[in-house]
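This briefing is intended to be read beside the sequence and the coordinates. It is arranged by topic.

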Amino acid sequence: MTAFKSILVANRGEIAVRILRTAKALGMRGLVVFHAADRKTPAVEMADEAIEITGSTPVAAYLDGAQIIEKAKKARAEAIHPGYGFLSENAGFARAVAKAGIVFIGPAPESIDLMGDKVRARNFVQQNGFPVAPSAIEDDDPATFVARAKAIGTPILIKPSAGGGGKGMRIVRDLSILEEEITRARSEGERYFGDGRLYVERYVERPRHIEVQVLGDAHGNVVHLFERECTIQRRFQKIIEESPAPGLTPKERKRICEVAAGIARAAGYKNAGTVEFIYGGGEFYFLEMNTRLQVEHPVTEEVTGLDLVAEQIRVAAGEKLPFTQDDIKSKGAAIELRLYAEDPAKGFAPMTGPILAFRPAEYARVDAGVREGGEVTSAFDPMIAKIIVHGADRAEAIENAQAALAGTVLLGCKTNSAFLQRFIADPMFKSGDFHTGTIDERPDLTADPEPSAETIAQVLAAGALALKPTRDAADAVPALHAHLGAWRN
Amino acid sequence: MHHYFSLDGAIHRAWLTQRGDDYALLGEDGATHAAALYLDSKGEGYLQFEGQNLYVVVAVKGDVAWVHLDGQAYEVSLLDPITHLGEEAGGSTADVVRAPMPGAVIDVPKAVGDAVSHGDVIVVIESMKLETAIKAPRDGVIAEIAFAKGQSFDRDAILVRLEALA
């Protein structure tokens, strides 16, 4: 495919590396912009051309669309891939790129606008006959509020319209006490926010986060590439993603994937996107649509064998999707584990430090944005790498994930690797019985276990032998004398 | 003689000595473990420990060694012995309390000249979005509180100094 002679990546880290890899494999020149803080990163080193951008902070540089478009024009880039985050869901940027005569590798700006407005997106999905969580807003018609709330069906979550932070929220499982609970929630709302207006919606017990990858071209073709389960989250950020979703029956899986493709089709969606759902108790509701490539897209690539970035480039160049829905098969099971520089035992606080050693496991796909000799700084998100494994089935994928985590060496900065190893070894994970609040419910898994006395002795021995002061102290006392000491045996 | 090490935040005592052609680690329980370390130029190799060969990767920066052993990474820091003298008896005779990590002071419930008991909170700091109480290491009188509320500091900075014991 020679759709474009050159593509500029308006991003950094592992996703810049990921996009450059495909651009080069397709015979295109791969360009990347970078802030000075990222000079010594793999993306800058592997790009055919790396163009420095500046900003008041490193993040500001990557958010400076006008500067990036200027650089792209100068470098004669024919297309810009925004990656995820930064400018990827900025409709103004997508329009400005097109205006500059450069192809934006992503959906039409109108799609970004529609899905970026959560209320509009929800109404659009509902009007097209797809499931959204039943809800009632008191302000719409205060006189019928209680009746409309009852019609939602239990369990019901009551929220103050002006609320936030969980204050004044009440869960109602028995309709006979609904009015009483509404009165209490109103009084709490007035007390906390000076505003007693309420909003109710169907409460999903033990919710799971399931999303579906979709892909559309400019010729009206839309397909789904199956689902990903992204339920395991901490601080509202995903850390383990997999496909297929272990919690779905085959029938539910088919239905959720078809609904996602239907939403994308109704929106006339082009390029890669993800439709996110909340799932619980056999029901699922539209949450939002992300109009970009996702962090966890490799999970889909592993089960379908497709290169999502290549498909994005193909579609952006105006080509037709080279397959139909029936051609796309999901094989085996794939899991992605996000390796973060953080301390799970301290509330997942981000950590920084030099990367003294980084040796990715050879038998796994490891998408990383750092290299040995680099550094994890506080300038960006603390994700170091994504470790992606595949297996004939989920059990085999979990085994491979254990081996890949244990076999990936990262020294110099505390990571969540040991926590991830404990988490996926737990019967809860193996059985697929989890929900979005599972990590908060399992402090036993986030706490660092005390190493065994033998492990402590082994690590201290390695450390004492490797550190110069302790080695020198040992060498200063000849072996003969050492034998006379109390520790002789 | 002992070296003091911090292993992932917990303090351990150990001494390394020569034994024959190799070394031995004298642990805090008095047990002796034959040990030798064979690494290539990239820090990869094996630890010979009580006759077993264990695959390790070791990286050193200053007085800190990072050890990858059996699928896990450990951080071993060699501590300044002066700071930790006297801790063996259970209490501490230390005059100073140092910052365990970089951060900022968010509260100072005590003042210079106050008498404090072991465990009293003198300063509250915030590091990496976490609050940590800095407590008196022993009974004594506060001689110095180095940072005021709102000020930031680096790792190992002296936060509090107690009047020296007579």
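In which loop is Asp70(B) found? Asp70(B) is in the loop of chain B between strand S7 (64-69) and strand S8 (72-78), where helices (H or I, at least four residues) and strands (E, at least two) are DSSP runs numbered from the N terminus. The model is predicted, so local features need pLDDT of at least 70 and side-chain atom pairs count only at pLDDT 80 or more, while totals for chains, interfaces and linings use all residues. Residues are numbered from 1 along each chain as its sequence is written, and chains are lettered from A and ligands numbered from 1 in the order in which they are written.

**Domains and chain B**

- Chain A is divided into domain 1 (6-105), domain 2 (135-202), domain 3 (208-446) and domain 4 (453-484); domain bounds come from an automatic or database domain assignment.
- The centres of domain 2 and domain 3 of chain A, taken over C-alpha atoms, are separated by 35 Å.
- Chain B consists of domain 1 (3-78) and domain 2 (88-162), with C-alpha centres 31 Å apart.
- The secondary structure of chain B comprises 1 helix and 16 strands.
- Of the 166 residues in chain B, 26% are buried; a residue is buried if 20 or more other C-beta atoms lie within 10 Å of its own, exposed if 12 or fewer, and partly exposed in between, with C-beta atoms placed from the backbone.

**The sheet of 8 strands in chain A**

- This open sheet has the strand order S14-S13-S10-S11-S12-S15-S22-S20 (chain A), with antiparallel pairing; two strands pair if DSSP finds at least two bridges between them.
- Its edge strands, each pairing on one side only, are S14 (283-290) and S20 (365-368) of chain A, and the twist averages 25° from one strand to the next.
- S10 (residues 208-216) and S13 (residues 271-280) of chain A are joined in the antiparallel sense over 9 bridges; Ile210(A) has Phe277(A) as its bridge partner in S13(A).
- Helix H12 (residues 308-316) of chain A lies across S10 and S13 of chain A and runs at about 125° to S13(A); axes are lines fitted to C-alpha atoms, for helices over the stretch in contact, and angles run from 0 to 180 degrees between N-to-C directions.
- H12(A) is mostly covered, with 8 of its 9 residues buried; among them are Leu308(A), Glu311(A) and Arg314(A).

- S7 (residues 156-160) of chain A pairs with S8(A) in the antiparallel sense over 3 bridges, and the bridge partner of Ile156(A) in S8(A) is Val172(A).

**Interface between chains A and B**

- In total, 44 residues of chain A are in contact with 44 residues of chain B; two residues are in contact if their C-beta atoms, placed from the backbone, lie within 7 Å.
- H18(A) gives the most to the side of chain A that touches chain B, with 11 residues.
- That side of chain A has 29 nonpolar, 10 polar and 5 charged residues; Ala, Val, Leu, Ile, Met, Phe, Trp, Tyr, Cys and Pro count as nonpolar, Asp, Glu, Lys and Arg as charged, and the others, Gly among them, as polar.

**Backbone exceptions**

- Most residues other than glycine have a negative phi, and most peptide bonds are trans.
- The peptide bond from Thr154(A) to Pro155(A) is cis, with omega near -10°; Pro155(A) is in the loop between H8 and S7 of chain A.
- Ser243(A) and Pro244(A) are also joined by a cis peptide bond, with omega about -5°.
- Phe348(A), although not a glycine, has a positive phi of about 60°; Phe348(A) is buried, with 21 other C-beta atoms within 10 Å.
- Asp70(B) likewise has a positive phi, near 50°; Asp70(B) counts as partly exposed, with 13 C-beta neighbours inside 10 Å.
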